[in-house]
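Please read the following report alongside the sequence and the coordinates.

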Amino acid sequence: MSYDVLVIGGGPAGLSAAINAHARGKSVLVVSNPLEENPLWRSEKVDNYLGLPAMTGAELLTAFQKHAESAGATFKVGRVLNAAMMGNEWYVSIGSDVEEARTVVLAAGVARGNKFPGEEEFLGRGVSYCATCDGMLYRERPVAVLGWADSARQEADFLTSIGCQVSFFEKPKTCEIKGDKTVESVTCDGKTVQADCVFILRPAMPPTDLFPGLSMDGGFVAVNRQMATNLPGLFAAGDCTGGPLQVSKAAGEGLIAGQSAARWIDKKQRENQ
Ligand SMILES: Cc1cc2nc3c(=O)[nH]c(=O)nc-3n(C[C@H](O)[C@H](O)[C@H](O)COP(=O)(O)OP(=O)(O)OC[C@H]3O[C@@H](n4cnc5c(N)ncnc54)[C@H](O)[C@@H]3O)c2cc1C
């Protein structure tokens, strides 16, 4: 099925975009990491969100998600790896699945952390961002998993279950990937292991990895006042577009992005009549 709007990220910006696109009659799919992995989940008190003082981050996020669910948005838990437009449709890869949509709202928050030495160089030659997609290529072979998200442990278990010999590094600070034509080893926080593949499972990826050709401004996604990016049918909202990195700003931008996506679809429909 093709959705009208696919939202990447189930935080305040993405959920607000989902509610407001759905309110304009559009079908909406929200794809996100598990809610408990949202950075705000750990906040003990959010005191500056209008009308709802002193809620924990977890309470606020749960309320936002319930609202979006009851409004009619569809949810899929998963990590978006990349997206590409073909014809008039966006094709979005989530692990080994692909979802189609006419527009996308990028609301993935801030991707923290730089790439490791060797990561870019060996991408596709022993560096992977998806265990379920590429794991089978490394059965019976040594692999390393660098995990920050809670779900990384499950992906490591999956690799073990298909016969990989897994070294798991939890939340490593420094890593270096080495090899010749393909990956041979990785050193993380001073410990070196042999690995034919290094699975790097960060909760968030840089926006330009998800959307090649996306214009950035000072490390954030460049948008206009309609939250439109330079790519057709791609809108962005929330922390990924810059500061202030706050819930109210994210929810407000999500509203604009959701409405803009709906308007974009209506305009395309009129043009094709
Ligand atoms: C500890 C803490 C306390 C805070 N306290 C406050 C406060 O008191 N008041 C305030 O206003 N703000 C506070 N903030 C900031 C606030 O959390 C952010 O500004 C807000 O959550 C941004 O919303 P967002 O929707 O843009 O991004 P996020 O809330 O970061 O949501 C993005 C979501 O997208 C998911 N995601 C990212 N990449 C992918 C991908 N490739 N595929 C699938 N899913 C993906 C992420 O896992 C995340 O769930 C706090 C933040 C933290 C960390």
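The sections below describe a predicted model, beginning with the overall fold and ending with two individual residues.

## Overall form

The secondary structure of the protein chain comprises six helices and 16 strands. Along the principal axes, the C-alpha trace extends over about 55 × 50 × 35 Å. The radius of gyration is 19 Å, which agrees with the value near 19 Å that a compact globule of 273 residues would have.

Of the 273 residues in the protein chain, 41% count as buried. Among the contacts with a separation of 6 or more, 61% are made by residues 24 or more positions apart.

## Domains and their contact

The domain assignment divides the protein chain into domain 1, made of residues 2-112 and 205-271, and domain 2, which covers residues 127-201. Taken over C-alpha atoms, the centres of domain 1 and domain 2 are separated by 29 Å. Domain 1 contributes eight residues to the contact, and domain 2 contributes seven residues. On the side of domain 1 that touches domain 2, there are three nonpolar, three polar and two charged residues.

## Surroundings of the ligand

The ligand has 35 residues around it, of which Gly9, Gly11, Ala13, Gly109 and Gly238 come nearest. By class, this shell holds 17 nonpolar, 13 polar and five charged residues. Helix α1 (12-23), strand β2 (28-32) and helix α6 (247-271) each supply at least two residues of the shell.

In soluble globular proteins, nonpolar side chains tend to be buried together. In this model, the largest nonpolar core has 50 residues, and the members that touch the most others are Leu6, Val105 and Ala237. The element that gives the most to this core is α6, with nine residues. A second, separate core has 25 residues, including Ile177, Cys188, Phe199 and Ile200.

When residues up to four places away in sequence are not counted, valine 105 touches Val5, Val7, Gly14, Ala17, Phe235, Ala237, Ala257, Gly258 and Ala261.

## Leucine 159

Leucine 159 lies in helix α4, which runs over residues 151-161. This leucine 159 is classed as buried because 25 other C-beta atoms lie within 10 Å, and the threshold for that class is 20 or more. Leaving aside neighbours within four places in sequence, the contacts of leucine 159 are Ala131, Gly135, Val143, Val145, Cys164 and Val166. The C-alpha atoms of leucine 159 and tyrosine 138 are separated by 8.6 Å, although the two residues are 21 residues apart along the chain.

## Glutamate 184

Is glutamate 184 buried or partly exposed? With 15 other C-beta atoms within 10 Å, glutamate 184 is partly exposed, since that class falls between the limits of 12 or fewer for exposed residues and 20 or more for buried residues.

Glutamate 184 is placed in strand β11, which covers residues 183-188. Leaving aside neighbours within four places in sequence, glutamate 184 is in contact with Lys178, Gly179 and Gln194. From C-alpha to C-alpha, glutamate 184 is 8.2 Å from glycine 126, a residue 58 residues apart from it in sequence.

Note on methods: Residues numbered from 1 in each chain as written. Predicted model: local features only at pLDDT ≥ 70, side-chain atom pairs only at ≥ 80, totals over all residues. Domains from an automatic or database assignment. Contact = placed C-beta atoms within 7 Å. Nonpolar A, V, L, I, M, F, W, Y, C, P; charged D, E, K, R; others polar. Near = placed C-beta within 6 Å. Helix = DSSP H or I, 4+ residues; strand = E, 2+ residues; numbered from the N terminus. Core = buried A, V, L, I, M, F, W, Y, C linked by C-beta atoms within 7 Å. Rg over C-alpha atoms; globule rule 2.2 N^0.38 Å.
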